Amino acid sequence: MLKVDKVTKFYDDFKAVDNLSFTVKPGEIFGLLGVNGSGKTTTFRMIMGLLEPTSGNITWNDKPIDYSVTDNIGFLTEERSLLTKMTVLEQCEFYGTLKGMSNEKINERLDILLDKFGVSEYKYKKIKELSKGNQQKIQFITAILNEPKLLILDEPFSGLDPFNVELFKEEILEMAKNGSMIIFSSHRMEHVELFCKKIVVIMKGKSVLEGYLTDIKEKYRKKNIFIKGNIDVGEISNIKGVVEVKKLPDEYVVQIEDNDITNEVFKAIKNQYITKFVVEEPSLNEIFVSKVGESYEK
């Protein structure tokens, strides 16, 4: 288990991370979210042992992270970190060697991943000759080449079309299934919702929202029910706790004071012909905006 415990980081007088705590268990995909400059990158660097916390502790299985465990960490940065004059093979040999892999193991693993992501023909091509999307594939491959037990993904889907997003998604889920701990960061909240059961949102280095996504959504749940079918507007309007019933072109919106009223509304219509009964759920992007005041959903 990875544990970030009351971690603070100063750069001179600037506090980049402020008393941050969270845990990530094996097989868990954890969302670390925030606007640019919120402290995410500093947190990543401390987790990888590249920076020392000013105070607090970061441990892996109750031990400090040092060079004895960093070979088990993979990191995909938001910025391109590929050496464009190298071939794909040379790039992967370089990264694999840094992670203590033999050339034989690097080639074996590389061939599997190139085939999986449909880019086997680029093995001997220079990085600069590849499209942006294919460069992102190679960058992802370098991050998972060593089959990391901890994988940090910062904007992993940058430059990818929906088909390739799906390929990445399948690999990420497979790694989690096999026990890897994954920290996922993205400005695309719909991508975070694809994976993460737990999240922490940081602003100016400090946590402003954390917990299980289901619990967070329940707390921020909108108090609207959308209904299609034959309903008695008067009967529903008279239910205690129903604020208003609005008629839209092809459905009704029932505004309620509290989610507990949902069952009462359902009881009132259960014997009618109903084709839709949906309690509106807030998107993670809406919740994010409510906490930090900035939208990143494109």
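This section describes the sheets, selected backbone angles and a surface patch of a predicted model.

Strand S1 (residues 2–11) runs antiparallel to S2 and is joined to it by seven bridges. Within this pairing, Leu2 lies opposite Val24 of S2, and Lys9 lies opposite Val17 of S2. The two strands form a hairpin with two residues between them.

Most residues other than glycine have a negative phi. In the turn of the S1–S2 hairpin, Asp12 has a positive phi of about 55°. Lys6, which is not a glycine, also has a positive phi, of about 50°. Lys6 belongs to strand S1 and is exposed, with a relative accessible area of 53%; this value counts as exposed because the cut-off for that class is over 50%. A further positive phi, near 70°, is found at Asp62. Asp62 is located in the loop between S4 and S5 and is likewise exposed, at 68% relative accessibility.

Strand S3 (residues 29–33) is in a buried setting. Five of its five residues are buried, so the strand is largely enclosed by the rest of the structure. Both faces of S3 are covered, with Ile29, Gly31 and Leu33 buried on one side and Phe30 and Leu32 buried on the other. Strand S8 (residues 181–185) runs parallel to S3 and is joined to it by three bridges, with Ile29 opposite Ile182 of S8. Strand S9 (residues 198–203) also pairs with S3 in the parallel sense, over four bridges. Here the bridge partner of Gly31 is Ile199 in S9.

A second open sheet of four strands has the order S12-S13-S11-S14, and its pairing is antiparallel. Strand S12 (242–247) and strand S14 (274–279) are at its edges, each pairing on one side only. From one strand to the next, the twist averages 15°. Strand S11 (residues 224–229) pairs with strand S13 (residues 252–256) in the antiparallel sense over four bridges, and Ile225 stands opposite Val254 of S13. Helix H9 (residues 261–269) packs on this sheet and touches S11, S12, S13 and S14. The direction of H9 makes about 175° with that of S14.

A nonpolar patch on the surface is formed by Leu83, Phe94 and Leu98, which together have about 280 Å² of accessible area. Of these residues, Leu98 is placed in helix H2 (residues 88–98). Leu98 is exposed, at a relative accessible area of 55%.

Methods:
Residues numbered from 1 in each chain as written. Predicted model: local features only at pLDDT ≥ 70, side-chain atom pairs only at ≥ 80, totals over all residues. Heavy atoms only, no water. Pairing = 2+ DSSP bridges. Patch = residues over 30% accessible without salt bridge, like charges linked within 9 Å, V, L, I, M, F, W, Y side chains within 5 Å. Areas by Shrake-Rupley, 256 points an atom, 1.4 Å probe, with all protein chains shown as cover. Salt bridge = Lys/Arg side-chain N within 4 Å of Asp/Glu carboxyl O. Buried < 20%, exposed > 50% of the residue type's maximum accessible area, 1.4 Å probe, protein only. Axes fitted to C-alpha atoms, helices over the stretch in contact; angles between N-to-C directions. Contact = heavy atoms within 4.5 Å.
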